[in-house]
Structure formats: structure tokens, C-alpha cells
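My notes follow in the order I took them.

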Amino acid sequence: DDHAADRWRLYRALADLLGVVGRGRPTALVLDDVHWADPATLELVEHLVRRPPPGAGLLILGLRPGAAADRIAAACRATASA
């Protein structure tokens, strides 16, 4: 569907932007209360975990145990085993 394709283009564009912002210097993205994030935001976080921008980057997430934490942990595990 076109809406899903637009979302994935946006996620790739945001990852590219983070890569440009962090070019040549370490960069951190801090997101708090991720357990309250909407599904699209969780998809974005999963995208950043699975396909991190180039360069030295750190993704810091504040979230409580639950469905959102399980999704992010699964993305981390999938990336670690790839």
C-alpha cells in the first residue's frame, strides 16, 4: 500500500538525516517514554536498530517492560544475530 511505502521512505530519510548530522562526530538520539509510542514510531525505532545510520551513533531509549520493549528487544536480537 502507498501509505506503508511512504512511511518506509520517511524512515530511510530520517536515518539518512541522522547519518548526515552525525557525520564526523559521535551522535546520540535519546527517546524517552517509548512504551507510549504509536505504532509508526515503534517501526521507526525498529528501523534505526536494524539499519543504523553510518558513523558513530548511540540510540538511547527509555521504556517500561511490555509490548514495545519486547518489539525493540526482538529487533536488537535479530540485528545481533545477522
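Entry 1: I started with the largest pocket, which has a volume of about 280 Å³. I kept in mind that the model is predicted. I then asked which residues are closest to the centre of this pocket. Of the 16 residues in the lining, they are Pro 52, Pro 53, Gly 57, Leu 58 and Leu 59. Next I looked up which elements give two or more residues to the lining, and I found helix H1 (2-21), strand E1 (27-31), helix H2 (39-50) and strand E2 (57-61). I sorted the lining by class: 11 residues are nonpolar, 5 are polar and none is charged.

**Entry 2: H1 and H2.** I turned to the helices. The axes of H1 and H2 come within 10 Å and cross at roughly 50°. That angle makes H1 oblique to H2. I noted the crossing of H1 past H2 as right-handed. Which residues make the contact? From H1 I listed Arg 7, Trp 8, Tyr 11, Arg 12, Leu 14, Ala 15 and Leu 18. From H2 I listed Ala 40, Glu 43, Leu 44, His 47 and Leu 48. By class, this contact between H1 and H2 has 8 nonpolar, 1 polar and 3 charged residues.

**Entry 3: H2 and H3.** I went on to helix H3 (residues 67-81), whose axis comes within 9 Å of the H2 axis, with a crossing angle of roughly 20°. Angles under 35 degrees count as roughly parallel, and H2 and H3 are therefore roughly parallel to each other. H2 passes H3 in a right-handed crossing. On the H2 side I wrote down Pro 39, Leu 42, Glu 43, Val 45, Glu 46, Val 49 and Arg 50. They meet Ala 68, Arg 71, Ile 72, Ala 74, Ala 75, Cys 76 and Thr 79 of H3. I counted this contact of H2 with H3 by class as 9 nonpolar, 1 polar and 4 charged residues.

Notes: Residues are numbered from 1 along each chain as its sequence is written. This is a predicted model: local features need pLDDT of at least 70, side-chain atom pairs count only at pLDDT 80 or more; totals for chains, interfaces and linings use all residues. Side-chain values use heavy atoms; hydrogens and water are left out. On a 1 Å grid over the protein atoms alone, a cavity is a set of points where a 1.4 Å probe fits but cannot get out, and a pocket is an open set with protein on both sides within 12 Å along at least five of seven lines; lining residues have an atom within 4 Å of a point. Grid points are joined across faces, edges and corners, and a volume is the space filled by probe spheres set on the points. Helices (H or I, at least four residues) and strands (E, at least two) are DSSP runs, numbered from the N terminus. Ala, Val, Leu, Ile, Met, Phe, Trp, Tyr, Cys and Pro count as nonpolar, Asp, Glu, Lys and Arg as charged, and the others, Gly among them, as polar. Axes are lines fitted to C-alpha atoms, for helices over the stretch in contact, and angles run from 0 to 180 degrees between N-to-C directions. Angles under 35 degrees count as roughly parallel, over 145 as roughly antiparallel, 65 to 115 as roughly perpendicular and the rest as oblique. A crossing is left-handed if the near helix is turned anticlockwise from the far one by less than a right angle, and right-handed if clockwise. Contact means heavy atoms within 4.5 Å.
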